[in-house]
Structure formats: C-alpha cells, structure tokens
Amino acid sequence: MTLINHVFAQNIGNSIEFNAEISLKYFPSTNHLSGKVYGAEVIYHKVPSSLLQRKLNIISQDWVLRFNTLRSLKINENINQFGDSYALLYGLNFSVLKTKYINLNFSPAFGLGYTNKTIYTNENRIMGSHVNMYSRAALKTEISITSTTKLLTGINFLHISNAATRVPNMGFNQSSISFGISKELKNNQAKPSKESLTTFPDSTLNKHELELGLNIGRRGAYKSSKGLYRNGLYLGYNYRFNYFLALSLGFDAVYYHKVYHPDNNLGTYQSYASSLDRWRLGTAIGPSIRIGKFEVEPKYGYYLYFNSLKPMHTYWTVNSDYHLNKKLALQAKMYVHKAEADFLGLGFVYKLTP
C-alpha cells in the first residue's frame, strides 16, 4: 500500500469524497450533552488551475454536502431534542504534510444548514433557530490504494450557531472521527500558468488598498421573534503582499438602534454587546486572504470607545466578501465578543483606491 501511495502521489484530477463520522466529545461541558451523533459528507474537490494557489499548498476548493442525525443526542438525559441537520458548505483543502507513505491535509469549510428542532420547539437551549451557520475543520490522512482511489481517516471539529439572530443561542460544538474514500473523476487539468508569488495575475489589483464598508444586521431579543438592529461601518487599509494575501487594518464603528435600559431588561439586554450609548468604536488587524472572487478577513480588535454594560475591551470580527468587480463586493460580517456572537451584518465594501 505504501508503494502504491508513492507512485500515485502526483495525481491532480478533480475528485469526489464520501465519508462517515461518529462523535467523540461535546464542548463546553456545561451544556450537559451526552449520547452519540452520526453523520456523513459528500465532498466535491475541484483542483485549482492557478500555480499560485498550489504554491500556497491549496489542493482543492471544496463543496460539502453534510448530514447529521442528532436524535440520539441527550441534554440532561432528555433524548431527541435536536432532530436532524442538513448543510451545504464551501471550503479549502490544504496540504500540511506529504511523504512517501502518507499525506496529511487540513480542510476548513463554512456554510449554512437547517436543524429540525430548536429551543422554541423542544426547549433544548442549544439551538436558537432552524437555520444556522456551520463551521467545520478537519485534519485528514490519506493513502492511495489505486491510481484514482484513496482511503481517508480524520478528526473533525464542528460548530453550529445562528450568529445570535435568535436567542438564547448557546451553539453546538462537537469533535468526531471520520472514515472515508475519495475517487478521482478525471486527470485532464490544464497546465497551471507560471505566476510568481510576488506578482499580481490580476493587474487591476493595487498593492495599497483603502476600503469603505457598510452593513446592517440584527441580534435577537430574548425568546422573541423581534430583533435589535445595528449598523456597522468600516474604514480600512490593506497592504497586499500578492494576489492572495494582504495585511488588513481598520476601524469598526457600530450604531445601536436600541440601547440597554434596566426598565426593559429582557427587551434590550444583549449580553456582552449590551451598550449604554448609541455608538461603539474599535480598531482591528488581521490577514486578508483572497481566492478568486472570494475574500476572507479575520481580525482581532481593541475598543477605543464602548460604554458597555459589562467590561469589554476587545472583540473579534470576520468578514467574507464576494467581488462583483474590482471596486465593489458584497459582504457578510460577523462581530464576536470572547466566544459569543454579537450580530451578523450584511452589506457591501467599496474600494476607494483608483
């Protein structure tokens, strides 16, 4: 088997993968979850045609169709509080280690899914809504058994949350082990263009970029279909090292349509994000990663001004952009305090550079 793996290690065709998984642990432990969760994935791996992407160890761009049965999952020994979940995710597959005998890959993916039962239907307090955001990261080993077929084993981490659009929303976190098989569909990929990591294949991109972003979003009010609306503003600067990677620095301003008031605690309380003033202002820094028309920017920030109900000095933010042209992109942006989602804003970002 190891000899076969060595001979066929250079195959680069698109492929399809089937795998099954079984849960190991749930976290945090304060959720009192027990029982087993079983799942399966069908993944279409599309090999990148760009030499630059391959130099960044990107093996494939992935579309993931995912299913989990949560019926055996217990909360406080109560069974069948969650039902089943279905999700469609998009991700990347990175090569971490490649040897004669075994390949090790890292595969993060993000998307949307549907879960049958929520706190409003079964009082499970974990799921705040039927439609949720899914984040999955997998570390997989693979061994080739024929010229087009590979066996895979992996450790997966799954997070399900609705980004606080309905609360309470504690979110679901799970680790699992998976076993799978992948089959190459074809091996007729065009030879990648010879690009350098120090050049820009798209001549319309600038090394120095200024950005202006605007979004609107809502955080759910406690056990209510009503929402607490926000507007997010962003002014930032990107220093682009190459087509794929940039350093991003900017300012985040958030406007509250409704602030916290003790006389209406349930209607205005927003956990770590509860504000006594209409505005909060922070500055954040992080990488910007662009793959085709998609761009992702995770950042860690510090508040310059936030008159918060609870002491809160730092925050996380991550945005995903879909570029319509060289100037304008649609954007989904998440704001997070500690490990708790604040709100998800939908809007656009505009490049101010000529």
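Let's start with charge: the 39 positive and 21 negative charges of the protein chain have mean positions 2 Å apart. Here Lys and Arg count as positive, Asp and Glu as negative, with His and the chain ends not counted, and each charge is placed at NZ of Lys, CZ of Arg, CG of Asp or CD of Glu.

A word on the source, everyone: this is a predicted model, where local features need pLDDT of at least 70, side-chain atom pairs count only at pLDDT 80 or more, and totals for chains, interfaces and linings use all residues. Residues are numbered from 1 along each chain as its sequence is written, and side-chain values use heavy atoms, leaving out hydrogens and water.

Now the overall fold. The protein chain has 4 helices and 19 strands; these are DSSP runs, H or I of at least four residues for helices and E of at least two for strands, numbered from the N terminus. Its C-alpha trace spans about 70 × 60 × 30 Å along the principal axes. Of the 354 residues, 45% are buried, meaning under 20% relative accessible area with a 1.4 Å probe, protein chains only.

Finally, please find Arg 66 on your screens. This residue sits in strand β4, residues 58–69. Is Arg 66 buried or exposed? Arg 66 is buried, because its relative accessible area is 3%. Its side chain makes a polar contact of 2.4 Å with that of Glu 21; such a contact is a pair of N or O atoms within 3.5 Å, and within protein one must be able to donate a hydrogen and the other to accept it, while residues adjacent in sequence count only if both atoms are side-chain atoms.

Definitions and conventions: Buried means under 20% relative accessible area, exposed over 50%, partly exposed in between (1.4 Å probe, protein chains only).
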